Amino acid sequence: MRNHVHFRSTRLDAQDRLPRHAITRRGVALLMTWLTMAALPVFAQQAQDSGADPLMLDPITIEGLSFGSGLDLQARSNAGSRLGLSVFETPASVQVIEADTIRQRGQRDVNQAIVQNGTGISFHGSPGNGGTSFSMRGFSGHASVTRLYDGTRLYPASGTISFPFDSWNVERIEVLNGPASVLYGEGAIGGAINIVPKRPLTDRTRNEMRATVGTDGQRGLAFGSAGPISEVLAYSFGVSGTASDGWLDRDDTSSLSLSAALRWQATEDLALTLSHDHGDNRPSTYFGTPLVDGRIDERVRHRNFNVEDAVVRYKDRYTQLRAEWTPAGNVTIRSNSYYLTSDRNWRNVEDYLYRPDTDDVLRQFYIAINHDLEQVGNRTEATIVTTPGGMENTTTIGFDVNRIKFRNTNNSPYPGQSVVDFLNPQPGFFGPHEMATTADLTTDQYALFLDNRLKISNQWSVVGGLRYDNLRVTRIDPAFTRSFDSTSWRLGAVYNPVPDVAVYAQYSRAAEPIGNVLSLAQSQADLKLTTARQQEIGVKFGFLGGRGDATLSAYRIVKNDLLARDPDDPAITRQIGQQSSKGIEAALGFDVTSSLRVDVNGALLSPRYDDYVQSGGDYSGNRPPNAPRRVANIWGSWAFAEGWTARTGAHHVGEAFTSDANTTSRPSYTVINAGLQWKPRDNMSLDLNIYNLTDRLYATSGGANQWLLAPPRSASLDFHVTF
């Protein structure tokens, strides 16, 4: 037996774990500390304005400086409604993350931009399913957190999706916390994330280029252009290519992202936009590091236990034709027809178990998969503005139809085993394998929806929504057809006691499928959709004469009809389980001075299984896996000299259990990023970004036997120019 040295303990043992009330107090203390830190400069500036001794020096004022903002209550968003409301006008927790914010914080990866800017969002995915592995409001996974691209829902099939992955072509990211079924169909009990691409510009021209170099062989080139071609034509084009040698053994990565659009103003009242997006992504083939006594041995931090010929590759193509017609001054009709294809190839060994008796690693689950997904659909809606009784009334009514064909070919039941040395694993090769089609399904879905906002007075408005979904799943082998339907709705009110303050309340009902409809098994054909309900109250307000915005919300979500063992007969599985979550979320962003900006957000929540009896025992009262009790972000930007800006940010995620039994967990972590920007000219910048500044060893996902470690400290240098 070797002597286990060089360990860094990254786990609280069960007997050392704090009680729940202590964890809650610590989380509150953490959030309040960060909020206090953010507020101190405000008090200092107020003291300085009044002639008192300042708490800090007044930074240099830089005219025309743009920091980007993590919180903008006046931003328009489709994430919270189809009515074109601003964040301030929506009775829900909605956030818009603008492209300037993403770029200035050095977030080239879309998932990174989501979790480090969004309120209460944590990531727990692997390279192959990073696009669906988020946790929001105590619910996690692709069924509970919906991902959309330009308003079109992306279906992850067997949980694997990465598109879109590059933030270069992103105009903004819209986030809705809480159930979103009334907007996007079944699912999205935890929330919805909509990535909006850059669009053609009709009033100006934009040309830009970025070159990137960095540690671990990082390199990249990106180019973008948009503007008018003539009085009736406008375009947008963007392409980004990246590559890296990786931070661990045998982990070269590369990606190519392309987005192009052409807008034609056919008549004064009709505009047509044809766009095409393409993604070719070869992400990391790292699937985890085996644990030794529940800990990570730092000597294998950079080891890749996968095989030599491992493959993870995604080719995604998305084409859409958007039409916007205004037949009358108070009527706007929008129609979006789209065609999406995705080809996903996967060949990896994903399970690693350290065996102390032999000081080696047993590798299992030789998984080879090919996904062919094709989705075609149309979403059409009409928005009508009327003034009944002198009150402004906005109504959107429409339909959503789509057909998805999905074929899963793999080597199930994933055979194969191999043994490698712990400290110096020889990768070997995947070896010969036979592939067979294990799933061949077609889904046909149609939905009818209605959104309405009635502005009763300058102080009161009521917002409601209703959606009916009908989904039919047809599977070839074994052959069966199953139909599901659901009705989702919500009702909310907004009260403005003064113009800069909005107090709101909302109640909503939602539905979610059992598992994944594109991988529906015959044993699940007779099951019904799970249901959920949410109550939420909150306040949004501006302060300091428009220099700051803040939001605060509290909610409770209850999800019914989980698969659980019958308490009277554990041999029978029924849809009788219940899961719930309650919590508070807060966000604050303000310009302390014209050269200093602070953004902070956080969430404290209490998710639990209320009724959940499984073959392993009664898990009622336990916390669901991958659901941390606290998540927080803080960002600061300071223009300390002419042409120079320093930025730093911290992302904190609390401890998360890795099993329903709550016997194993991943520890909490805080990762710090920093950046320094120099602008020698108005149209030119040089950005140095440092990620994981303290070189923190931490895991974002994984179970009882292995964790997926986050990258160590790295740095990149971006040269960005506009012309």
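**View 1. Strand 19 and strand 20 are joined by 18 bridges and run antiparallel.** Strand 20 covers residues 392-410. Here helices (H or I, at least four residues) and strands (E, at least two) are DSSP runs, numbered from the N terminus, and two strands pair if DSSP finds at least two bridges between them. The model is a predicted one, in which local features need pLDDT of at least 70 and side-chain atom pairs count only at pLDDT 80 or more, while totals for chains, interfaces and linings use all residues. Residues are numbered from 1 along each chain as its sequence is written, and side-chain values use heavy atoms, with hydrogens and water left out.

View 2. Strands of a sheet pair through backbone hydrogen bonds, either parallel or antiparallel. Opposite V349 stands Y366 of strand 19. Four residues separate strand 18 from strand 19 in their hairpin, and D359 in the turn has a positive phi of about 55°.

**View 3. Strand 19 is joined to strand 21 by five bridges.** Strand 21 spans residues 417-421 and runs antiparallel to strand 19. Q417 in strand 21 is the residue opposite Q364. Buried means under 20% relative accessible area, exposed over 50%, and partly exposed in between (1.4 Å probe, protein chains only).

**View 4. T341 is located in strand 18.** Strand 18 extends over residues 331-355. With a relative accessible area of 14%, T341 is buried. When its neighbours within four places in sequence are left aside, T341 is in contact (heavy atoms within 4.5 Å) with K315, D316, R317, L373 and E374.

**View 5. Three strands form an open sheet in the order 15-39-38.** The pairing in this sheet is antiparallel. Strand 15 (289-290) and strand 38 (699-702) stand at the edges with a single partner strand each, so one side of each has no neighbour in the sheet. Strand 38 is joined by three bridges to strand 39, which comprises residues 706-709. The bridge partner of A699 is L709 in strand 39.
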